[in-house]
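The structure comes before the details.

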Amino acid sequence: DCQESTVDARQGELIRWRVTIRNEGATAHHVVASLYFAEGIEPTAAAGHGHSLATGEAKFSPVASLREDDSIQLEVTGRAVRSGAVAYRIEVGCRDLPGHVAREAVILVRPTSAECSAWIGRRGAELRSVTGSEQDRP
């Protein structure tokens with residue numbers, strides 16, 4: 001299970017992901033979890049278990065074993081650094097199962113007010129130029 005602190009954010013804001021890994025079967029060994037972020041979100045912190053952070057990813061150290069009905073909660077915080085629709089992927093796996101379980105989603109990162117004003121200013125100048133040239137035509 002994964003819960004985001006928001007589904008959209010303003011550029012520069014922090015976003016928090018809470019991942020709960022719950023074992024509903026026999027004891028799982030060497031349980032691993034990773035979060036991967038497309039360009040636009042950079043992980044800044046993680047908690048809940050040993051981890052490493054790198055550009056666009058947060059990887060948690062393997063959990064030796066997770067017994068039936070046990071769970072572990074992990075948390076990753078990331079900064080929205082670029083506006084647009086930013087995809088992320090969560091992967092969880094263990095030595096006892098082939099492959100990983102994955103979840104993908106998108107967070108909308110809105111530009112800052114300054115970026116919006118600059119963009120509107122550029123578009124306004126372009127529109128005035130087009131409108132002016134059309135009026136000058138015979």
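## Cavity

The largest cavity has a volume of about 40 Å³. A cavity here is a set of points on a 1 Å grid over the protein atoms alone, where a 1.4 Å probe fits but cannot get out. Its volume is the space filled by probe spheres set on the points, which are joined across faces, edges and corners. The whole structure was searched, and one cavity of 30 Å³ or more turned up.

This is a predicted model: local features need pLDDT of at least 70, side-chain atom pairs count only at pLDDT 80 or more, and totals for chains, interfaces and linings use all residues. Residues are numbered from 1 along each chain as its sequence is written, and side-chain values use heavy atoms, with hydrogens and water left out.

Lining residues have an atom within 4 Å of a point. For the largest cavity they include Ile21, Val31, His49, Phe60 and Leu74. Strand 4 (28-37), strand 7 (57-66) and strand 8 (71-80) each give two or more residues to this lining. Strands are DSSP runs (E, at least two residues), numbered from the N terminus. By class, the cavity lining has eight nonpolar, two polar and no charged residues. Ala, Val, Leu, Ile, Met, Phe, Trp, Tyr, Cys and Pro count as nonpolar, Asp, Glu, Lys and Arg as charged, and the others, Gly among them, as polar.

The largest pocket holds about 480 Å³ of space. A pocket is an open set with protein on both sides within 12 Å along at least five of seven lines. It has 25 lining residues; Ile21, Arg22, Val92, Gly93 and Val101 are the closest to its centre. Strands 3, 4, 9 and 10 each give two or more residues to the lining. The classes are 14 nonpolar, six polar and five charged.

## Aromatic contacts

Three aromatic pairs are found in the whole structure. Rings of Phe, Tyr and Trp (its six-membered ring) pair if their centres lie within 6.5 Å; planes under 30 degrees apart count as stacked, over 60 as edge-to-face and the rest as tilted. Trp17 and Tyr88 pair edge-to-face, at 5.4 Å centre to centre and 65 degrees between the planes. Trp17 lies in strand 3 (residues 14-22) and Tyr88 in strand 9 (residues 84-93), 71 residues apart.

Both Trp17 and Tyr88 are buried (under 20% relative accessible area, 1.4 Å probe, protein chains only). Trp17, Phe37 and Tyr88 form one aromatic cluster.

Six strands make an open sheet, in the order 2-10-9-4-7-6, with mixed pairing. Two strands pair if DSSP finds at least two bridges between them. Strand 2 (8-10) and strand 6 (51-54) each have a single partner strand, so one side of each is left without a neighbour in the sheet.

Strand 2 runs parallel to strand 10 (residues 100-110), joined by three bridges. Arg10 has Arg110 as its bridge partner in strand 10.

Note on methods
Helices (H or I, at least four residues) and strands (E, at least two) are DSSP runs, numbered from the N terminus. Buried means under 20% relative accessible area, exposed over 50%, partly exposed in between (1.4 Å probe, protein chains only).
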